[in-house]
Amino acid sequence: MINISEAAAAQVKKMMEAEGDDSLMLRVGVKGGGCSGLSYGMGFESEASEEDTIFEQHGISVVVDKESAPIIKDLAIDYKENMMGGGFTIDNPNAIANCGCGSSFRTATNAGTPEDC
């Protein structure tokens with residue numbers, strides 16, 4: 001479903017340690033908004049609903065809601081460090097358009113709810 005690099009998983013584990021709870025799960029999803037209509041969301045979750053998909057990759061549990069699942073199928077999440085610091089990168093093969101800043105997108109089947117930038 002989602003491919004998380006070892007570097008991204010290592011960064012998520014560090015963030016979980018900082019939260020003081022290694023039982024947390026990483027929730028990855030999509031919501032309406034942004035210049036192109038859809039925006040990614042990532043955060044920690046302590047519980048999942050019955051309709052969520054849960055899987056494990058590189059030692060972290062990942063949760064995806066059923067509405068986001070088809071939009072982020074085969075999504076790749078990586079973590080890159082450079083002289084300016086570090087950050088997560090997202091590559092979505094389902095995106096047909098991205099905004100200039102790269103934080104929102106749309107797919108062939110879901111235009112989302114675009115907002116003014």
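**Salt bridges, core and overall fold of the predicted model**

A total of 5 salt bridges is counted, a salt bridge being a side-chain nitrogen of Lys or Arg within 4 Å of a carboxyl oxygen of Asp or Glu. The structure is a predicted model, in which local features need pLDDT of at least 70 and side-chain atom pairs count only at pLDDT 80 or more, whereas totals for chains, interfaces and linings use all residues. Residues are numbered from 1 along each chain as its sequence is written, and side-chain values use heavy atoms, with hydrogens and water left out.

One of these salt bridges is formed between E45 and R27, with the closest N and O atoms 2.8 Å apart. This pair links distant parts of the chain, since E45 belongs to strand β3 and R27 to strand β2, 18 residues apart; helices (H or I, at least four residues) and strands (E, at least two) are DSSP runs, numbered from the N terminus. E45 is partly exposed, at a relative accessible area of 25%, where buried means under 20% relative accessible area, exposed over 50%, and partly exposed in between (1.4 Å probe, protein chains only). A salt bridge also connects K66 and E51, whose closest N and O atoms are 3.8 Å apart. Because K66 is placed in the loop between β5 and β6, and E51 in the loop between β3 and β4 (53–57), the pair ties together parts that are 15 residues apart in sequence. K66 is partly exposed, with a relative accessible area of 47%. The side chains of D78 and K80 form a further salt bridge (3.2 Å, N to O), and K80, at 47% relative accessibility, is likewise classed as partly exposed. Through salt bridges that share partners, R27, E45 and D52 are joined into one network.

When residues up to four places away in sequence are not counted, R27 touches, among others, G41, M42, E47, A48, V63 and D65, contact meaning heavy atoms within 4.5 Å.

The largest nonpolar core has 23 residues, and those with the most contacts inside it are I2, I4, V28, I60 and I72; such a core is a set of buried Ala, Val, Leu, Ile, Met, Phe, Trp, Tyr and Cys residues joined through side-chain atoms within 4.5 Å. At least two residues of this core are supplied by each of β1 (2–4), α1 (6–19), β2, β3 (38–45), β5 (60–64) and β6 (75–82), and the largest share, 4 residues, comes from α1. Leaving aside neighbours within four places in sequence, I2 is in contact with V28, F55, Q57, V64, I72, L75 and I77.

For the protein as a whole, the secondary structure comprises 1 helix and 9 strands, running β-α-β-β-β-β-β-β-β-β from the N terminus. The radius of gyration of 14 Å is close to the 13 Å that the globule rule gives for 117 residues, so the protein is as compact as a globular protein of that length; the radius is taken over C-alpha atoms, and the rule is 2.2 Å times the number of residues to the power 0.38. Buried residues make up 36% of the 117 residues.
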